[in-house]
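Hi,

Here is the structure I promised to pass along. Have a look at it first, and my notes on what turned up follow below.

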Amino acid sequence: MSILVIAEHDNSSLKQATLNVVAAAKAIGGDIDVLVAGENCGAVAEAAAKAEGVNKVLVADNAAYGHFLGENLGELVAEVGKGYSHILAAAGTVGKDFMPRVAALLDVAQVSDIMRVESEDTFVRPIYAGNAIATVKSSDSIKVVTVRPTAFDPVAGEGGSAAVEQLDVVKDAGLSQFVSEELAKSDRPDLASAGIVVSGGRGMQNGDNFKMLEQVADLMGAAVGASRAAVDAGFVPNDMQVGQTGKIVAPQLYIAVGISGAIQHLAGMSDSKVIVAINKDEEAPIFQVADYGLVADLFEAVPQLEEELKKVL
Amino acid sequence: MKVLVAVKRVIDYNVKVRVKPDNTGVDLANVKMAMNPFCEIAVEEAVRLKEKGVASEIVVVSIGPKASQEQIRTALALGADRGIHVETDEEVQSLEAAKLLKAVVEKEEPKLVILGKQSIDSDNNQTGQMLAALTGMGQGTFASEVVVEGDKVNVTREIDGGLMTVALNLPAVVTTDLRLNEPRYASLPNIMKAKKKPLDNMSPADLGVDIAPRLSTLKVEAPASRQAGVKVADVAELVDKLKNEAKVI
Ligand SMILES: Cc1cc2nc3c(=O)[nH]c(=O)nc-3n(C[C@H](O)[C@H](O)[C@H](O)COP(=O)(O)OP(=O)(O)OC[C@H]3O[C@@H](n4cnc5c(N)ncnc54)[C@H](O)[C@@H]3O)c2cc1C
């Protein structure tokens with residue numbers, strides 16, 4: 001078996017999710033090559049070559065891949081991947097965008113968002129917002145799979161010394177052009193891989209009040225997330241949404257503040273190790289999954305939390 | 001320009017999903033079914049394009065059992081002009097759905113195809129992208145804004161780091177995210193009118209598509225359930241527990 005892992009990166013650094021996907025590839029077994037497609041992405045290729053368990057790093061460095069347009073990546077990966085038994089990518093917005101194109105071009109099914117590897121052709125994945133867990137078997141010759149990064153412990157990012165090989169395959173489908181990007185800037189850890197996440201919901205009432213959560217988060221080195229209701233109401237940007245259709249997180253500690261605990265929200269955070277809920281409604285469903293529940297008005301509890309944390313941290 | 005919208009009949013998003021005791025799937029007997037929420041957003045976007053004078057005709061297509069006609073009628077009541085029902089009682093997976101939709105696209109030749117980014121049953125997030133690849137179209141996935149300008153469509157996409165705008169040549173495929181719009185409700189007179197709108201029925205065989213699934217589901221289980229923990233009296237107790245019991249801070 002030979003597995004092609006598509007690296008997730010921003011042209012300058014390798015995203016940790018790639019290491020989680022390599023871990024999923026190791027669980028399948030076989031030679032693991034990593035494809036880094038981007039523009040001026042040499043540093044990413046070097047980082048990928050150091051990852052544990054990687055056999056070879058293939059680099060497709062071209063302006064056509066600079067913005068990770070699905071049309072171009074789809075053609076590239078279908079071409080490079082056709083000699084492999086498995087093609088894997090993280091189930092982030094880049095992987096979700098181009099991988100189904102790869103599957104369609106190769107005329108194979110895709111298995112989305114796997115949480116476990118049962119064997120080379122059998123995978124476990126959530127359906128119905130995680131309310132059911134399906135074990136599915138693929139009968140295709142090439143398995144196109146997206147991986148839920150939080151479900152696999154990352155391989156080491158140092159110590160490996162894979163060979164790096166340049167590819168000169170340029171696939172510009174000419175169907176789409178990049179226009180602009182508005183990226184959220186934050187000094188906090190990445191939401192999807194943070195060890196602690198503090199999330200706010202509709203109960204926060206407005207965007208200004210999220211500052212309270214940010215202060216608490218900064219004391220703990222945490223990321224800040226949100227429910228859909230908080231994003232829809234415009235309190236915070238979309239990249240902070242946790243849930244079925246937002247980001248999947250599984251930190252050591254998840255603190256839900258003013259979030260009711262709808263199934264679509266739980267789908268994104270119920271694999272967290274320890275869950276804390278702060279909500280003034282003691283009937284809120286979030287308490288059914290919380291390890292520690294505090295029935296309180298968040299506008300009193302959050303400032304107190306900041307004070308108490310200052311004492312112990 | 002003609003807009004094609006694909007809609008799927010799924011379990012209503014408010015229904016508590018139950019896994020069947022024999023682990024073969026999810027219990028769908030006597031549960032409320034509805035249009036997939038992302039498909040509602042797709043229909044709404046098409047209707048808004050028509051209201052702006054950008055779209056001239058909206059064709060809605062659904063693949064599924066006879067009862068999927070209800071969702072097509074809903075879309076017609078919301079403002080679509082005519083429906084196509086690709087009727088089958090078999091399970092249709094994403095790749096096969098994309099092939100069926102490709103056959104419909106070849107017949108209808110729409111300038112824009114709008115789909116939901118995922119259906120809330122299989123949560124696959126594949127069909128729109130597969131359709132785009134099979135038809136050689138560009139794709140604007142996870143859209144939060146769609147602006148048609150001449151022979152291009154600008155799509156603002158919700159991505160992990162924020163927002164990204166791409167320009168696609170028409171014809172193109174767009175898949176909707178939650179914040180693209182807020183769908184309206186159908187009015188009673190429009191529900192009545194929808195009953196008279198044309199609805200074509202065809203089978204996968206009529207479209208010449210083999211829908212045999214490539215993935216087989218070996219079993220479906222309930223997720224490991226989390227137990228509710230304890231209620232703490234105050235913030236001091238909470239911090240104490242996090243530090244000394246759970247040891248996570
Ligand atoms: C297709 C689909 C996809 C979805 N995807 C997602 C998703 O990815 N992520 C997601 O989060 N949601 C998602 N949702 C929405 C989800 O169903 C809920 O509507 C949403 O999670 C509710 O957000 P909330 O808990 O912040 O708001 P609410 O449900 O309104 O809860 C607010 C909570 O705050 C509490 N509160 C209010 N004031 C205070 C106070 N002063 N002190 C303490 N507590 C207070 C209230 O008691 C209440 O429990 C999706 C829905 C659909 C249909």
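**Inside chain A: the two domains**

The count of salt bridges between domain 1 of chain A and domain 2 of chain A is zero. Bear in mind that this is a predicted model. For orientation, domain 1 of chain A covers 2-166 and domain 2 covers 191-312, and their centres, taken over C-alpha atoms, are separated by 30 Å. Six residues from domain 1 and nine residues from domain 2 make up the contact. Between them the two domains of chain A bury about 620 Å², with 53% of it on carbon and sulfur atoms. On the domain 1 side, A:Ala129, A:Arg148 and A:Thr150 supply 69% of the area buried against domain 2, more than any other three residues.

**Between the chains**

Now for chain B against chain A. The size of an interface is often given as the accessible area lost when the parts come together. Here the area buried between chain B and chain A is about 6800 Å², and carbon and sulfur atoms give 54% of it. In chain B, the residues that lose the most area to chain A are B:Asp160, B:Arg214 and B:Arg226, together 11% of what that side buries. The contact takes in 77 residues of chain B and 87 residues of chain A.

How many salt bridges cross the interface of chain B and chain A? The rule finds six. One to look up is the salt bridge where the side chains of B:Arg226 and A:Asp291 meet, at 2.8 Å, N to O. There are also 47 residue pairs in polar contact across the interface of chain B and chain A, both residues being at pLDDT 80 or more. As for which parts of chain B touch chain A, the elements that give two or more residues include H3, helix H4 (127-135), E7, strand E8 (152-159) and helix H6 (235-245) of chain B.

**The cores**

The largest nonpolar core has 53 residues, and those with the most contacts inside it are A:Ile87, A:Val144 and B:Val86. Helix H3 (residues 94-108) of chain B gives the most to this core, with eight residues. If you click on A:Ile87 and leave aside its neighbours within four places in sequence, you'll find contacts with A:Leu4, A:Ile6, A:Val77, A:Met99 and A:Val144, among others. Another core, of 46 residues, lies apart from the 53-residue one; A:Ile28, A:Cys41, A:Ile114 and A:Tyr128 are among its members.

- A:Asp107 has a positive phi of about 55° although it is not a glycine. A:Asp107 is in the loop between helix H4 (93-106) and strand E5 (110-114) of chain A, and is partly exposed, with a relative accessible area of 35%.
- B:Phe142 also has a positive phi of about 55° without being a glycine. B:Phe142 is in strand E7 (residues 138-149) of chain B. Is B:Phe142 buried or exposed? With a relative accessible area of 1%, B:Phe142 counts as buried, because that value is under 20%.
- B:Leu170 and B:Pro171 are joined by a cis peptide bond, with omega about 0°. B:Pro171 is in the loop between strand E9 (162-169) and strand E10 (172-176) of chain B.

Cheers

Notes
Residues numbered from 1 in each chain as written. Chains lettered and ligands numbered in written order. Predicted model: local features only at pLDDT ≥ 70, side-chain atom pairs only at ≥ 80, totals over all residues. Heavy atoms only, no water. Helix = DSSP H or I, 4+ residues; strand = E, 2+ residues; numbered from the N terminus. Buried < 20%, exposed > 50% of the residue type's maximum accessible area, 1.4 Å probe, protein only. Core = buried A, V, L, I, M, F, W, Y, C linked by side-chain atoms within 4.5 Å. Contact = heavy atoms within 4.5 Å. Domains from an automatic or database assignment. Buried area = accessible area lost by both parts, 1.4 Å probe. Salt bridge = Lys/Arg side-chain N within 4 Å of Asp/Glu carboxyl O. Polar contact = N/O pair within 3.5 Å; in protein donor to acceptor, adjacent residues only side chain to side chain.
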